[in-house]
Amino acid sequence: NISKIFGELITLIEPDKRKDAEEEISVKLPYSKEPFSVPNNVHILGTMNTADASVAKLDVALRRRFDFIEMPPNPKLLTENKLEDGEVIVVEGANLKNMLETMNRRIEILYDREHTIGHSFFMGLDCGDGIDKLAFIFQKNIIPLLQEYFFDDWERIHWVLDALKPGTEKGKKAWFVHKKS
């Protein structure tokens, strides 16, 4: 319950409720009994993952008070210089930009665009890194996220990862992800 937790404080950060604003509001702090209001020169920037259902009520409380700028995954930043115009990072043959774009297109089809994978998972990688660093990211971040999104539906997870390796013998399945026995 946002209003119980934050009380009037969430109202104080609204631009028209700040100090010297037309509808200025202040509250008395519980311990010092001093009046408190948010100055006009304070700018609040926050991030929020819209796929997280636990923030749904907070999302509603904030959306009606502030501007939101959608910041979808940006695979173009997966370059050596971390800029959109740089050389794409390739880790042992895996082109990170193409890989992320492909996985996210599949997630959009199988689930929705609110559950796409962010580029930030891969920002620490550079050309020349071993496949073990990429594997660690998949093992500790990407696969658990996909398990949560698809409720352990391994067939859909395989579809996202394109787990059937090209060049395998006809009829044999060489999966990217293996279930533990």
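Me: Which residues are linked in a network of salt bridges?
Reply: The model is a predicted one. It holds 9 salt bridges. A network of such bridges links Glu14, Asp16, Lys17 and Glu23.

Me: Arginine 113 forms a salt bridge with glutamate 70; how many residues apart in sequence are the parts that the pair ties together?
Reply: The side chains of glutamate 70 and arginine 113 meet at 2.6 Å, N to O. Glutamate 70 lies in the loop between helix 3 and strand 3, and arginine 113 in the loop between helix 4 and helix 5, so the pair ties together parts whose separation in sequence is 43 residues.

Me: With which residue does arginine 106 form a salt bridge?
Reply: The closest N and O atoms of this pair are 3.8 Å apart. Arginine 106 belongs to helix 4, while its partner sits in the segment after helix 6, 56 residues apart. The partner of arginine 106 is aspartate 162.

Me: Are helix 5 and helix 6 parallel, perpendicular or oblique to each other?
Reply: Helix 5 (residues 131–149) and helix 6 (residues 154–161) pack with their axes 10 Å apart, at an angle of about 125°. Angles of 65 to 115 degrees count as roughly perpendicular and those over 145 as roughly antiparallel. The two helices are therefore oblique.

Me: Which residues of helix 6 make the contact with helix 5?
Reply: The residues of this contact divide into 7 nonpolar, 1 polar and no charged. Helix 5 contributes Phe138, Ile143, Leu146 and Gln147. From helix 6 come Trp154, Ile157, Val160 and Leu161.

Notes. Residues are numbered from 1 along each chain as its sequence is written. This is a predicted model: local features need pLDDT of at least 70, side-chain atom pairs count only at pLDDT 80 or more; totals for chains, interfaces and linings use all residues. Side-chain values use heavy atoms; hydrogens and water are left out. Axes are lines fitted to C-alpha atoms, for helices over the stretch in contact, and angles run from 0 to 180 degrees between N-to-C directions. Helices (H or I, at least four residues) and strands (E, at least two) are DSSP runs, numbered from the N terminus. Angles under 35 degrees count as roughly parallel, over 145 as roughly antiparallel, 65 to 115 as roughly perpendicular and the rest as oblique. Contact means heavy atoms within 4.5 Å. Ala, Val, Leu, Ile, Met, Phe, Trp, Tyr, Cys and Pro count as nonpolar, Asp, Glu, Lys and Arg as charged, and the others, Gly among them, as polar. A salt bridge is a side-chain nitrogen of Lys or Arg within 4 Å of a carboxyl oxygen of Asp or Glu.
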